[in-house]
Amino acid sequence: MTQVDTDSETPPAAKLTLVTLTMMVVGSMVGAGVFSLPRRFAQETGVAGALIAWAVAGTGMLMLAFVFQRLAVRRPDLDAGVYAYAKAGFGEYLGFFSAFGYWASACVGNVTYWVLIMSTIGAIAPALGDGDTVLAVVLSSVGLWAFFLLIRRGVKEAAAINRIVTVAKIVPILVFIILALFYLKPQVFADNWGGADYAGSLFQQVKGTMLATVFVFLGVEGASVYSRHAKRREDVGRATVLGFLSVFAIFASVTIVSYGLMPMAEIAELRQPSMAGVLESAVGTWGQVFVSVGLIVSVLGAYLAWTLMAAEVLFVAAKDEDMPRFLSRSTAADVPVPALLLTTLLSQVFLVVTLFSDDAFNFALDLTSALTLIPFLLAAAFAVKITRGRFGGDLVVASLATVYTAFLLYAAGLRFILVSFIIYAPATVLFVMARREQGRAPFSPREVVILVVSIAGAVLGIVALALGWISL
């Protein structure tokens, strides 16, 4: 998963160059999710499917990046985050759902970080298993609340830790790619081309990897954050393309070169972080240690940044009166403590839920992606709405981004759509609280329809879980 670089706050007076903007894009997108890619892809697809999947994901996410960049330029008045586009285009209730979904995805994404840390340490401490044992959840919970106390002291103090994260992320990844190319076995690569017997048709292979690609590209929406500080406006679009393509090349390379070191079925059985196991097969134990240490540092920094970002989403939404007022409170150190507390609490809930999952890491990863799709789809649809009737590049980009995001919802499957409804529907309580604070009716007639659909989806999801139709 990726994160916004919270340590790169730039005052309005600063003027950012193309190089600086590009580095900000790269820093905000490269996240810890890349360390898990070899196993996840090997569980779904061979080399051919992986190449197609990355082509689809790369094109779709680039269109989505352009959507956010162009919306930032065309609608600079909407500066309250991704959810502001859903609110402006489709009303307050869907805007609320967009804000909540984006926030909830960050909270679930934080859970993947703790699972990944415990799974990494589990290689030498079997009691931690794959990060999903009782002991792993207890230790993760301690870390969760330790970070809460750290951030509560002040955002600036907490963000200072991020200064070492970028190097810790990039260096192990680049070393992995270089060594994998050096030790690549052409015959193994060829044997993995079509995929193993369990992978299914080529379409099924591509479809199965879509949520994993969404997870690692989360943060693409942060590329336009600094557009108003650019030295030249056109540099924003160029930085988006250069930064995105750089990160895309890294992600795709990690996946593809792995197929040249081990049989696909063996990669699929590796423990997370699978990148460490793949490198160990080529160079020995030091490769696993090298990747594992880099991952832990990277994950802790990513967790910190995403916790700050998640709390900020609630805080800004509350300031705009889309969330209850208590979430708009902050300390003298500019820490939105109520929002931070709610963020930590939801992450804690999902940590416990991982105990009941068949595959804790993949479940949290896919759910993170699925929760993000509604905010992304609404933002892309809003871009179509404001460009409708203007046949040109903006409409083409917005339409492609919308079709791609809709395809991702299909690829997510009924399981994650229903689980998402279970999370979305109860959140309406916060919406009703905000409306009552403003002395307004809880729902308009149109919003009642949306409420009924969300509740029906949640009920169906609960029934499906109870009867075993779907599982965690």
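Student: Why is Ser 454 called buried?

Tutor: In this predicted model, Ser 454 has a relative accessibility of 2%, and since buried means under 20% relative accessible area, Ser 454 counts as buried. The residue is found in helix H19, which covers residues 445–466.

Student: Which residues does Ser 454 touch, not counting residues up to four places away in sequence?

Tutor: With those sequence neighbours set aside, Ser 454 touches Tyr 93, Phe 97, Phe 421 and Ala 425.

Student: What makes Gly 413 buried?

Tutor: The relative accessibility of Gly 413 is 18%, and the cut-off for buried is under 20%, so Gly 413 counts as buried.

Student: Ala 370 belongs to the contact of H10 with H16; why are H10 and H16 called roughly perpendicular?

Tutor: Helix H10 (residues 202–217) and helix H16 (residues 360–387) pack at an angle of about 75°, with their axes 8 Å apart. Angles of 65 to 115 degrees count as roughly perpendicular, and H10 and H16 are therefore roughly perpendicular to each other. On the H10 side the contact is made by Leu 211, Ala 212, Val 214 and Phe 215, which meet Leu 365, Asp 366, Thr 368, Ser 369, Ala 370 and Leu 373 in H16; by class, this contact has seven nonpolar, two polar and one charged residues.

Student: How do you know whether H6 and H15 are roughly parallel or roughly antiparallel?

Tutor: The axes of helix H6 (residues 134–152) and helix H15 (residues 337–353) come within 10 Å and cross at roughly 170°. Angles over 145 degrees count as roughly antiparallel, and H6 and H15 are therefore roughly antiparallel to each other. Among the H6 residues that meet H15 are Leu 144, Trp 145 and Phe 148, while the H15 residues in this contact include Leu 341, Thr 344 and Ser 347. The residues of the contact of H6 with H15 divide into eleven nonpolar, five polar and one charged.

Student: Why does Val 111 count as buried, and what does Val 111 touch?

Tutor: Val 111 has a relative accessible area of 1%, and with the limit set at under 20%, Val 111 is therefore buried. Val 111 is found in helix H5, and, residues up to four places away in sequence not being counted, it touches Ser 347, Phe 350, Leu 351, Thr 354 and Ala 364. Val 111 and Phe 350 are 239 residues apart in sequence, yet their C-alpha atoms are 6.8 Å apart in space.

Student: What makes helix H13 mostly covered?

Tutor: Seven of the ten residues of H13, which spans residues 274–283, are buried. These buried residues are Ser 274, Met 275, Ala 276, Gly 277, Val 278, Leu 279 and Val 283. After H13 comes Gly 284, whose phi is positive, near 105°.

Student: Which members of the largest nonpolar core touch the most other members?

Tutor: Of its 150 residues, these are Phe 100, Trp 103, Phe 251, Met 323 and Leu 367. Helix H5 (residues 92–121) gives the most to this core, with 19 residues.

Student: How many helices and strands does the chain have, and what share of its residues counts as buried?

Tutor: The chain has 19 helices and zero strands, and 59% of its 472 residues count as buried.

Notes
Residues are numbered from 1 along each chain as its sequence is written. This is a predicted model: local features need pLDDT of at least 70, side-chain atom pairs count only at pLDDT 80 or more; totals for chains, interfaces and linings use all residues. Side-chain values use heavy atoms; hydrogens and water are left out. Axes are lines fitted to C-alpha atoms, for helices over the stretch in contact, and angles run from 0 to 180 degrees between N-to-C directions. Helices (H or I, at least four residues) and strands (E, at least two) are DSSP runs, numbered from the N terminus. Angles under 35 degrees count as roughly parallel, over 145 as roughly antiparallel, 65 to 115 as roughly perpendicular and the rest as oblique. Contact means heavy atoms within 4.5 Å. Ala, Val, Leu, Ile, Met, Phe, Trp, Tyr, Cys and Pro count as nonpolar, Asp, Glu, Lys and Arg as charged, and the others, Gly among them, as polar. Buried means under 20% relative accessible area, exposed over 50%, partly exposed in between (1.4 Å probe, protein chains only). A nonpolar core is a set of buried Ala, Val, Leu, Ile, Met, Phe, Trp, Tyr and Cys residues joined through side-chain atoms within 4.5 Å.
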